[in-house]
Amino acid sequence: MNDKDFQEQLAKVEKFHGHVCGGIVMGTKMTMYALEHLEMKLNEKNKDLLVFVEIDRCASDAIQVVSGCTIGKRTLKLMDYGRFAATFYKISTDEGIRVTDDDIQNQDEKETKEDLIKRLSNTPNEKLFSIRKVKLRLKKSDFPGKDFSKIVCPVCNEIVKDDKYIVRNGVGICKACAEESYYEYVDQ
Ligand SMILES: [Zn+2]
Ligand SMILES: [Zn+2]
């Protein structure tokens, strides 16, 4: 990974995210490292790539910008595990790599933000991350493309797309009705 490429990606991420912080440096480097492993290029649309991020923090914005994958394109998936990790999957070759943060245990609360950014920027990727090959458990409906399926939830009457429903007694029900939803109505 050369420094010019890193600075270029970091600038793109800063523009999107609004600042540079430790998470942004980590997410930028992690994604560049993963693309290199999968022999994919920077600054391309990367339609051949799916990314599964396991945390909803700063690093995820960097992963989105550097990979070019987004939720709207169905190429970026949030697996809300709260772990600093992401899996990069190359569709055409069926290769999956899960990248984890090896530095998190080294981080000292006394380290200033500036020192952290500097240290992470200057540490080789091999020391910051571990990469392990993974086989993904994917369904056809996880891939980009046209609507895969569409049902109407019999409880709320709302449409559920792309097989995202849960089957109860042979009937497809939306996740909000089948499980505890994140909201409740206040007007009834
Ligand atoms: Zn941040
Ligand atoms: Zn429902």
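Hi everyone, let me start with a spacing pattern: the donor residues of the zinc ion (ligand 2) run C-x2-C-x17-C-x2-C in sequence. Donors here are N, O and S atoms within 2.8 Å of the metal (3.2 Å for Na, K and Ca), and water is not among the atoms, so sites may look incomplete.

A quick word on the basis. This is a predicted model, where local features need pLDDT of at least 70, side-chain atom pairs count only at pLDDT 80 or more, and totals for chains, interfaces and linings use all residues. Residues are numbered from 1 along each chain as its sequence is written, chains are lettered from A and ligands numbered from 1 in the order in which they are written, and side-chain values use heavy atoms, leaving out hydrogens and water.

Back to ligand 2. Its protein donors are the SG atoms of Cys-153, Cys-156, Cys-174 and Cys-177, lying 2.3 Å from the zinc ion.

Now the zinc ion (ligand 1). His-17 (NE2), His-19 (NE2), Cys-21 (SG) and Cys-58 (SG) are its protein donors, 2.0 to 2.6 Å away. Here the angles among the four donor atoms are 82 to 144 degrees, and the site is irregular. That label covers anything that is not tetrahedral, square planar (four donors) or octahedral (six donors), the last two needing opposite donors over 155 degrees apart and all others between 65 and 115. Along the chain, the donors of ligand 1 follow H-x1-H-x1-C-x36-C. Thanks, folks!

Notes
Four donors count as tetrahedral if all angles lie between 85 and 135 degrees; four count as square planar and six as octahedral if opposite donors are over 155 degrees apart and all others between 65 and 115; anything else is irregular.
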